Amino acid sequence: MRMIPLRAFGKLFPWGRETLLFVWNLFKSIRSILNNLFTLPQIAQIANDDTRQSSTSLDPPPFDPSQPSEPVSFPIIKLEDLESRSYFRSFHFSFNKASVPLQSVCASTSLPNRPRVLVCHDMAGGYTDDKWVQGGPNSEAYAIWHWYLIDVFVYFSHNLVTLPPPCWTNAAHKHGVKVLGTFITEWDEGRVICNRLLSTDASAQMYSERLTELAVALGFDGWLINMEVKLDLVQIPILKEFVSHLAQTMHSSVPGSLVIWYDSVTINGDLDWQNQLNLKNKAFFDICDGIFVNYTWKEDYPKLSAVVAGDRKFDVYMGIDVFGRGSYGGGQWNTNVALDVLRRDAVSAAIFAPGWVYETKQPPDFQTAQNRWWALVEKSWGILQNYPRVTPFYSNFDQGHGYRFYVDGAQVSDSPWFNISSQSFQADIPIYFLSSLALYF
C-alpha cells in the first residue's frame, strides 16, 4: 500500500491542520493493521516456495503517474503518450507548473546580441533529487547558483521527452535565464519512433504542437531537438517541417522562446556529427533559433562556423563536454581553454554536464569546487547578467538547501532539506551599486 504524503493530502483535502493530522494518523494506523494482516503470510509463503525468488513480490509497484503520490517530475518515454496527452491527466501535472515568469532585462524577450552561454544539465540520467517537486531531504544535492554567467539552461536526459522540473525553471527565470526541455531520438528505438513521427507532414506538425503545448502548460521556454538516428532521405523534408512548425508554434505561443537544433543527423539523412556549422546541417539551423554543435570540434571550427552563420554567428553554440570525452581543451578544470577560443572567435558556448564537479566529487568539497570551477567560466567569458537590475531589491541569499528551516527568524524544522525552487535571488552586485544601496540600510 502506497501512502499519500501529508503535503499532497493537504492539496487534495483543504481542511484545517488539526483535522489533517488526525486523518493522517488514522490513515497510518489503518496501514499498520493491513500490513500486519497481509505482509507476514506473504513472507512465509515466499520462504516456503523453493521455486521463487524472495525479492520478486516485495518489489515496489511500477510508477503510475495517474495515482496520487509525492509530487514528482518525470519524462515522457513513449511517443503514444505524447500523442495522447496522457501527461495532462497525471496526478503530478498541476504540481509541475513553474510559478516564476521569466524576468527580462527590458521589455524585449530576445536573447542579447552578443556571444552567449548555454548550459546543458545532464546528470545520472536526470530526475534525481530535483524530481521532488516539493523538495527533498538531501541538503547536499546538486544545484547551480552562478546564474549571472548563463543565458540559456537546458534540462537533458536520454528519455524521449525531457520536461524540466519546475524547480530549475523557477530558479533560472528568477535570474533572467531561459529554460529548455529536450526531445531526443536515438538507437534502434529512436529509428522506430522517427518512422512514425515523420510518416507525414501532418504527423510531424501534430507532434510539434504537442511539444509546444507542454512548454506552454509547464511554463518553460522551448526545446533542444536531438535526432541521433540515421534517416531515409525522403524523411528529411518532413523532419524540416517538424522543426520549422515547432519553432513557429513556440514563437507564437511564448514570445522569446527558443528551438535549438543539435548537430547530429545531416541533411542527407546520415548520423554524422559535423562539429561545426556547415552545409550539411545549415538547413536545420536556418529554420530554428540556433545550433548546439557537437563537442569534438577543432580549433578553427568556431571561426569557420561563424562565417557560415553570417549575421547569426551568436546563434552558433559550440559544445564543450565538461567530462572531456574528446572535447577541445579536455574539459574539466581546463574548460576555460575552449571558452577562450570561442570568445576570441565571437560565437556562443554550450557547456555540457557542468555537474562533473559534483558527480566526480572534486575536492575539497562541492561548494568550494563549484565556485572554483565557475570562476574559470567568469574569468574567460565575463559576467553576462548584472544584478540587481532595480533597487531596492530583496534576497536572503538562500541557495535552495540547508540543514534547518526558519520562518520570520524562528526555526520551524531541524531537518536537512533541498528545494531549488526556494533558491533566493543570487545577487551579483557591481561596485557602482554599493553607494546607492547604502541609502536603503
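Helix α10 passes helix α12 in a right-handed crossing, a term used when the near helix is turned clockwise from the far one by less than a right angle. The model is predicted, so local features need pLDDT of at least 70 and side-chain atom pairs count only at pLDDT 80 or more, whereas totals for chains, interfaces and linings use all residues. Residues are numbered from 1 along each chain as its sequence is written, and side-chain values use heavy atoms, with hydrogens and water left out.

**The helix pair**

- The axes of α10 (residues 335-344) and α12 (residues 366-381) come within 9 Å and cross at roughly 20°, and the two helices are therefore roughly parallel, a label for angles under 35 degrees.
- Contact, meaning heavy atoms within 4.5 Å, is made by T335, N336, L339, D340, L342 and R343 of α10 with W373, L376, V377, S380 and W381 of α12.

**H175**

- H175 is found in the loop between α4 (166-174) and β4 (178-186), and with a relative accessible area of 0% it is buried, which means under 20% with a 1.4 Å probe and protein chains only.
- The side chain of H175 reaches the backbone oxygen of A171 at 2.8 Å.
- Leaving aside neighbours within four places in sequence, H175 is in contact with W147, Q385, Y387, R389, Q423, S424, F425 and Q426.

**The whole chain**

- Of the 441 residues of the protein chain, 50% count as buried.
- Among contacts between residues at least 6 apart in sequence, 76% join residues at least 24 apart.

Note on methods:
Helices (H or I, at least four residues) and strands (E, at least two) are DSSP runs, numbered from the N terminus. A polar contact is a pair of N or O atoms within 3.5 Å; within protein, one must be able to donate a hydrogen and the other to accept it, and residues adjacent in sequence count only if both atoms are side-chain atoms. Axes are lines fitted to C-alpha atoms, for helices over the stretch in contact, and angles run from 0 to 180 degrees between N-to-C directions. Angles under 35 degrees count as roughly parallel, over 145 as roughly antiparallel, 65 to 115 as roughly perpendicular and the rest as oblique.
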